[in-house]
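The sequence and the model are shown first.

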Amino acid sequence: MSYQPLASIDPEEQKTYGSVYSDSNSSRSSSSLLGESLRIEDPVVGSDNPFLDTETAEYWRQVYEKCQYECRHAFNPKLEWSAREERELVRKLDWKVCLWACVMFFGLQVDRGNLSQAVSDNMLDDLGLDTNDYNYGHSIFLVSFLLAELPSQLISKAVGPDRWIPMQMVLWSFVAISQCALTGRGSFLLTRSLLGFLEGGFIPDLVLWLSYFYTSRELPIRLSYFWTTLSVTGIITSLLAFALLHLRGVLGWEGWRWLFLLEGVITLCVGVASFFMMPASAVQTKTWFRPKGWFTEREEAIVVNRVLRDDPSKGDMHNRQALTPRRLWEALKDYDLWPLYAIGFCAYVPQSPPRNYLTLTLRSLGFSTFNTNILTIPADIMHIINLLLLTRLSERFNERSLVAIVQPLWTLPCIFALRFWSGVVEDRWGTYGILMTLLSYPYCHAILVGWCSKNSNNVGTRTVSAALYNMSVQAGNVYASYIYRDDDKPRYRRGNTTLLVINLVAILVFLLTKLYYVWRNKQKDRVWNALTEEQQNEYRKTTKLQGSRRLDFRFAH
């Protein structure tokens with residue numbers, strides 16, 4: 001929900017073109033930003049602009065000046081633009097910003113997901129490891145990933161995600177490459193831990209960067225493109241693995257060693273390129289290697305103002321401003337976001353063990369090393385389609401909980417079949433069909449990340465909540481790593497019983513989260529509506545509360 005203006009809006013003011021404000025510290029004139037002589041049709045300004053009221057605009061102008069917000073010179077409450085301009089600008093953002101975010105996520109997923117392909121090439125036997133060692137290594141990776149989430153976010157907020165993310169990628173790519181020299185259990189566990197520590201925080205760091213360019217309604221769709229890369233990477237790396245694993249014997253190396261080496265080099269190239277592809281903000285795209293920048297001055301102004309009108313709090317911190325201990329503590333104890341963390345913990349557990357064990361399961365069903373990697377592709381294709389459809393559905397109806405709940409409803413009958421169907425393992429194509437259906441589930445992660453960002457309503461809280469949400473997801477993944485045990489294979493009846501219970505719990509948590517936010521909004525409405533208009537105006541101008549604690553904020557659900 002956006003803030004309400006401090007006073008009533010004069011309809012005549014909405015007809016004004018250009019700006020009545022100027023920043024004395026800026027060398028840019030308002031006319032250069034706005035193009036005053038331009039006749040603008042289909043203007044995109046109305047009741048959704050909280051800055052049309054002069055008191056509201058002045059309040060936020062002071063906030064932006066105080067924190068030295070990097071885009072403050074482009075803030076213009078009276079700026080108008082056409083729907084066509086906005087569509088063209090969003091399209092440019094998608095090509096410049098979202099596309100490269102997807103490329104970077106590809107670099108992450110190549111190194112994060114190639115272990116399952118390596119084990120299909122008898123890596124465990126080559127290193128003298130067993131399934132429990134594999135589980136332990138996966139858990140160490142996830143715990144390291146989890147522990148690095150919040151520190152990584154704090155570093156990113158202090159130095160800027162445009163600097164920190166490329167540094168992360170280059171550092172972990174060296175570790176990824178070093179896996180080609182694994183000698184046994186110790187080196188395997190060490191590289192798993194280092195990869196987790198260096199990759200931790202990458203996703204919330206990247207989400208923070210994307211939030212500088214997109215509105216809260218646009219962000220989940222862009223995140224769906226972002227997580228579509230997860231499945232695209234699965235398809236590409238499966239085809240790569242099919243080729244690279246055939247190198248077994250070249251220079252005396254096993255195929256999985258070539259896999260780690262060459263895919264690590266791919267990530268290194270992406271990491272180096274990211275130093276040149278990530279501007280700090282919409283107004284900082286001009287640099288020595290990009291002298292013309294990405295946007296005109298008017299386009300910069302539109303990018304900045306459309307984001308601020310959607311959420312004024314996005315400018316309440318500088319993009320290289322570190323979080324103070326006090327702001328960190330305030331964000332940590334924001335209990336209204338805890339239901340989303342609970343969803344993060346349980347929602348992704350039911351499909352995690354079947355996904356992590358997919359290549360091992362297909363090998364045990366009698367499929368060859370190379371056919372195993374090819375047979376994983378159909379689930380990735382359907383995963384892409386269902387992810388995009390689910391996120392579009394959420395945007396279309398502006399509904400989060402009742403759309404995201406489709407994910408556990410999809411996986412429930414599949415987990416039920418894995419637990420109770422007598423043909424599991426014995427009927428290899430039937431088992432394969434169940435696994436493909438399960439892993440084609442509509443992924444709700446993009447909706448949840450956007451939901452968490454929306455309900456944070458503050459840059460500092462948003463930074464921490466993104467990390468905490470991702471930590472809850474990783475905590476769930478750590479737990480999931482121990483559900484399928486060596487003494488329970490090949491049917492994993494005990495493990496699938498656990499997954500069935502967790503699946504039902506996830507459905508319940510989604511419903512309870514919906515009810516909680518409806519109740520909290522009604523609770524705020526009662527207090528807010530009991531105030532007079534003068535009291536409401538005074539509250540907006542004087543309250544020290546930030547983020548979701550404000551009485552004039554309503555939770556999305």
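Which helix gives the largest share of the lining of the largest cavity? Helix 3 does, with 8 residues.

## Basis of the description

The model is predicted, so local features need pLDDT of at least 70 and side-chain atom pairs count only at pLDDT 80 or more, while totals for chains, interfaces and linings use all residues. Residues are numbered from 1 along each chain as its sequence is written, and side-chain values use heavy atoms, with hydrogens and water left out.

## The largest cavity

A cavity is a set of points, on a 1 Å grid over the protein atoms alone, where a 1.4 Å probe fits but cannot get out; lining residues have an atom within 4 Å of a point. Grid points are joined across faces, edges and corners, and a volume is the space filled by probe spheres set on the points.

Two or more lining residues come from each of helix 3 (83-119), helix 5 (131-159), helix 9 (219-244), helix 14 (352-356), helix 15 (358-364), helix 17 (377-397) and helix 22 (459-480). Helices (H or I, at least four residues) are DSSP runs numbered from the N terminus. By class, the lining of the largest cavity holds 16 nonpolar, 22 polar and 4 charged residues. Here Ala, Val, Leu, Ile, Met, Phe, Trp, Tyr, Cys and Pro count as nonpolar, Asp, Glu, Lys and Arg as charged, and the others, Gly among them, as polar.

## The second largest cavity

The second largest cavity has a volume of about 120 Å³. Its lining consists of 14 residues, with Tyr-69, Ser-211, Tyr-212, Val-307 and Lys-314 nearest the centre. At least two lining residues are supplied by each of helix 8 (202-211), helix 11 (297-310) and helix 22, and helix 11 gives the largest share, 3 residues. This lining divides into 9 nonpolar, 2 polar and 3 charged residues.

## Cysteines

The structure contains 0 disulfides (pairs of cysteine sulfur atoms within 2.5 Å). For Cys-102, which is in no disulfide, the nearest cysteine sulfur is that of Cys-98, 4.4 Å away. Cys-102 is buried, at 13% relative accessibility; buried means under 20% relative accessible area with a 1.4 Å probe and protein chains only.

Cys-414 is likewise in no disulfide, and its nearest cysteine sulfur, that of Cys-444, is 15 Å away. Cys-414 is also buried, at 8% relative accessibility.

## Aromatic contacts

There are 30 aromatic pairs in the structure. Rings of Phe, Tyr and Trp (its six-membered ring) pair if their centres lie within 6.5 Å; planes under 30 degrees apart count as stacked, over 60 as edge-to-face and the rest as tilted. Phe-367 and Tyr-432 form a tilted pair, 6.3 Å centre to centre with 55 degrees between the planes. Phe-367 lies in the loop between helix 15 and helix 16 (369-375) and Tyr-432 in helix 20 (residues 428-438), so the pair ties together parts 65 residues apart in sequence. Phe-367 is buried at 6% relative accessibility, and Tyr-432 is buried at 10%.

Phe-367 also has Arg-428 over its face, at 4.3 Å from the ring centre. A charge sits over a ring if NZ of Lys or CZ of Arg is within 6 Å of the ring centre and within 35 degrees of the ring normal. Arg-419 lies over the face of Phe-420, at 4.7 Å from the ring centre. One aromatic cluster is formed by Phe-51, Tyr-59, Trp-60, Tyr-64, Tyr-69 and Phe-75; Tyr-69 is also among the residues nearest the centre of the second largest cavity.

Technical notes. On a 1 Å grid over the protein atoms alone, a cavity is a set of points where a 1.4 Å probe fits but cannot get out, and a pocket is an open set with protein on both sides within 12 Å along at least five of seven lines; lining residues have an atom within 4 Å of a point. Buried means under 20% relative accessible area, exposed over 50%, partly exposed in between (1.4 Å probe, protein chains only).
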